[in-house]
Amino acid sequence: MRFAINHITAPKLSLEQFFATARSLGLREVEIRNDLPDIVGTVKPEAVKAAAEKSGVTIVSINALYPFNVWSGDLPSKAVALANYAAASGANALVMCPLNDGTKVSFDDLVAALRAMKPILEERGLTGLVEPLGFPVSSLRTKKEAVRAIDAAEGGAVYKLVHDTFHHHLAGETEFFPDRTGLVHISGVVDPAVAVEDMLDVHRVMVDASDRLENVPQIRALIAAGFDGPYSFEPFAEEVHALAHPEAAVRQSIGYVSSKL
């Protein structure tokens with residue numbers, strides 16, 4: 001399997017340090033962000049591209065366009081700006097996350113947003129990676145609904161899914177869409193006290209033997225179904241971000257997951 005790493009795994013590292021860490025781990029695929037850390041807002045895209053080429057890594061995605069399914073206000077201009085940045089930085093795709101504050105968004109509005117975003121991506125040679133969020137307050141919880149909307153928008157050539165093992169578990173999804181998936185995000189939850197419906201990003205750590213999200217069974221199912229894309233570590237917990245040696249933690253998690261497959 002192809003492991004990758006999201007910059008949120010080690011947000012205290014500079015872009016160059018992050019790329020070097022990926023290569024030290026034997027990885028060639030990375031994800032950069034516009035939040036933690038905010039590379040998009042602080043580093044020129046040409047500098048990102050040069051650093052990636054120098055390090056020998058591929059930027060599989062930029063996280064994230066939010067909330068992509070509410071195509072109003074400044075969202076269209078933000079979408080163009082982020083797509084321009086992605087193209088100039090050499091990134092292959094944009095992760096697109098739905099509104100996640102308890103407000104409902106209609107299926108028609110979701111489809112309209114996908115239709116509006118499609119030419120922006122097409123003109124720049126980018127893939128849109130639609131990531132359903134499994135939280136109870138999310139306006140798009142399941143991959144099944146995302147696929148239905150992508151097809152309604154006639155966007156199958158432009159859009160792929162993000163299968164996030166955390167959100168897959170939270171949404172209670174059992175269906176896999178390997179042929180529609182472009183990227184997998186992996187993280188674990190090990191706190192035995194938190195109920196599934198109360199799990200939040202702050203609970204997301206590296207995957208180990210105490211994982212409650214069934215990462216290994218999910219990965220096995222994806223591999224068996226033919227998915228051969230990248231599996232990118234995306235832990236949000238502060239205890240991971242504070243690690244003095246994040247490389248060691250990633251290496252250990254890679255070893256654990258690999259040993260179970």
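**Overall fold and pockets of the predicted model**

In the protein chain, 75% of the contacts with a separation of 6 or more are accounted for by residues 24 or more positions apart. The model is predicted. The protein chain contains 9 helices and 8 strands. Its C-alpha trace spans about 45 × 40 × 30 Å along the principal axes. The radius of gyration is 17 Å, which agrees with a compact globule, because a globule of 261 residues would have a value near 18 Å. Of the 261 residues, 52% count as buried. The accessible surface of the protein chain comes to about 11,000 Å², and carbon and sulfur atoms contribute 52% of that area.

By residue class, the lining of the largest pocket consists of 7 nonpolar, 4 polar and 7 charged residues.

The second largest pocket has a volume of about 180 Å³. Its lining includes the run V205, M206, V207, D208 and A209, together with E239, V240 and L243. A249, Q252, S253 and Y256 also belong to the lining of this pocket. Two helices, α8 (238-241) and α9 (246-259), each supply at least two lining residues. The largest share, 4 residues, comes from α9. The lining of the second largest pocket divides into 8 nonpolar, 2 polar and 2 charged residues.

How values were computed:
Residues numbered from 1 in each chain as written. Predicted model: local features only at pLDDT ≥ 70, side-chain atom pairs only at ≥ 80, totals over all residues. Heavy atoms only, no water. Nonpolar A, V, L, I, M, F, W, Y, C, P; charged D, E, K, R; others polar. 1 Å grid on protein atoms, 1.4 Å probe; cavity = no way out; pocket = protein on both sides within 12 Å on 5 of 7 lines; lining within 4 Å. Points joined across faces, edges and corners; volume = space filled by probe spheres on them. Rg over C-alpha atoms; globule rule 2.2 N^0.38 Å. Buried < 20%, exposed > 50% of the residue type's maximum accessible area, 1.4 Å probe, protein only. Contact = heavy atoms within 4.5 Å. Areas by Shrake-Rupley, 256 points an atom, 1.4 Å probe, with all protein chains shown as cover.
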